[in-house]
Amino acid sequence: MLEIENLTHTYGAGGPNAHHAIDQLNLSVAEGELLCIVGPSGCGKSTLLRSIAGLITPTGGRIKVDDQLVRQTPDNLAVVFQDYSRSLFPWMSVADNVALPLRRKNMDAKRRREAAAEALESVGLSDAGRKYPFQLSGGMQQRVAIARALAYRPTLMLMDEPFGSVDAQTREDLEDLVLKVRGHHRMTIVLITHDIDESVYVGDRVVVLSKAPAHVVGDLQVKLPAPRDQITTREHPDFVHLRAEVGRLVRGQPVAH
Ligand code: ADP
């Protein structure tokens, strides 16, 4: 589904303030996988995600989504950003926000409304369609952003620190929401986080990036009993072991065997 080969990105390349953000990064993600990418703050995670989304042109290497070289934003892709307050349009109702990207698809207004209502229902917000974003809590607004991504029926969903701006309880609810929706909608998810526990709790696989310039320093499969649960999964010995392993990799310490 996603192939990244020798990706390199330098901001301001050739200039006096050049910053080498990504260095020879290689990564492939299988269809249907939920991959978490974790790494120290400022290591280049968002740069990686923006490159996959075609929002910036990397200075080297290549990225393919569904066997197509990424030159602009791929059609089958949706992105959920951290800052929901800037990603929803405040003057549009919740339902209109969710339906907006569907205008790019060949759907009439009635079908767009139905798809938006269905997506809102799948994130537990069936009654919020007529409200405006400011009438909802932060966690609910982020649910709307997730519903907007789901309504689009992407085959690849990118999430950049999607739960970074909500309180701890809401964060857990949203993690569980992502696990639930990926069970219902067949899609590949790449979720970026700096939260080690979250990466292990949510991911089928966790890729750890080095400090800047980012490259892959660890790639771990997460095999935990399903369904995952905020209490029992987090106390499972395999969870405890994996979070320690990821923690060492993030800190650049040798991994225990
Ligand atoms: P992360 O998401 O891991 O916190 P980013 O990808 O946002 O990291 O940023 C990686 C590095 O690149 C940081 O040091 C950041 O300051 C720098 N950077 C990000 N965007 C730009 C930009 N547009 N111009 C110059 N430097 C940038």
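Modeller: One definition to begin with. A polar contact is a pair of N or O atoms within 3.5 Å; within protein, one must be able to donate a hydrogen and the other to accept it. Keep in mind that this is a predicted model.

Colleague: What makes the pair Ser93 and Asp96 a polar contact?

Modeller: The distance and the atoms. A polar side-chain atom of Ser93 lies 3.1 Å from the backbone nitrogen of Asp96. The cut-off is 3.5 Å, so the pair counts.

Colleague: Where is Ser93, and is Ser93 buried or exposed?

Modeller: Ser93 sits in the loop between α2 (84–87) and α3 (94–99). Its relative accessibility is 11%. Buried means under 20%, so Ser93 is called buried. Leaving out residues up to four places away in sequence, Ser93 touches Gly129, Arg130, Lys131 and Tyr132.

Colleague: Now the ligand. Which residues are around the ligand?

Modeller: Tyr11, His19, Pro40, Ser41, Gly42, Cys43, Gly44, Lys45, Ser46 and Thr47. By class, this shell has 3 nonpolar, 6 polar and 1 charged residues. Helix α1 (residues 45–52) gives the most to the shell, with 3 residues.

Colleague: Why is α1 called largely enclosed by the rest of the structure?

Modeller: Because 6 of its 8 residues are buried. They are Lys45, Thr47, Leu48, Leu49, Ser51 and Ile52. After α1 comes Gly54, whose phi is positive, near 75°.

Colleague: What about α6? How do you know that its length is close to the expected one?

Modeller: Helix α6 (residues 168–184) has 17 residues. From first C-alpha to last, α6 reaches 25 Å. At 1.5 Å a residue, 24 Å is expected, so the two values are close.

Colleague: Which residues of α6 are buried?

Modeller: Thr170, Arg171, Leu174, Glu175, Leu177, Val178, Leu179 and Val181. In general, an α-helix has 3.6 residues a turn, so residues three or four places apart point the same way.

Colleague: What happens at the start of α6?

Modeller: A side-chain oxygen of Asp167 comes within 3.2 Å of the backbone nitrogen of Gln169.

Colleague: And beyond α6, why is Arg186 called exposed?

Modeller: Arg186 lies in the loop between α6 and β8 (188–193). Its relative accessibility is 74%. Exposed means over 50%, so Arg186 is placed in that class. Arg186 still touches Glu31 and Pro154, residues up to four places away in sequence not being counted.

Colleague: What makes Ile192 a buried residue?

Modeller: Ile192 belongs to strand β8. Its relative accessible area is 1%; the limit for buried is under 20%, so Ile192 is buried. With neighbours within four places in sequence set aside, Ile192 is in contact with Ile37, Lys45, Leu49, Met159, Asp160, Glu161 and Pro162. Ile192 and Leu158 are 34 residues apart in sequence, and their C-alpha atoms are 8.0 Å apart.

Colleague: Glu161 is one of those contacts. What stands out in the phi of Glu161?

Modeller: Glu161 is not a glycine, yet its phi is positive, about 45°. Most residues other than glycine have a negative phi. Glu161 is in the loop between β7 (156–160) and α6. At 11% relative accessibility, Glu161 counts as buried.

Colleague: Asn6 has a positive phi too, about 50°. Why is Asn6 called partly exposed?

Modeller: Its relative accessible area is 34%. Buried needs under 20% and exposed over 50%, so Asn6 falls in between. Asn6 lies in strand β1 (residues 2–11).

Colleague: Last point. Where are there cis peptide bonds?

Modeller: One joins Ala212 and Pro213, with omega about -5°. Another runs from Ala226 to Pro227, with omega near -10°. Pro213 is in the loop between β9 (205–209) and β10 (216–221). Pro227 is in the loop between β10 and α8 (232–235). Most peptide bonds are trans.

Methods:
Residues numbered from 1 in each chain as written. Predicted model: local features only at pLDDT ≥ 70, side-chain atom pairs only at ≥ 80, totals over all residues. Heavy atoms only, no water. Helix = DSSP H or I, 4+ residues; strand = E, 2+ residues; numbered from the N terminus. Buried < 20%, exposed > 50% of the residue type's maximum accessible area, 1.4 Å probe, protein only. Contact = heavy atoms within 4.5 Å. Near = heavy atom within 4 Å. Nonpolar A, V, L, I, M, F, W, Y, C, P; charged D, E, K, R; others polar.
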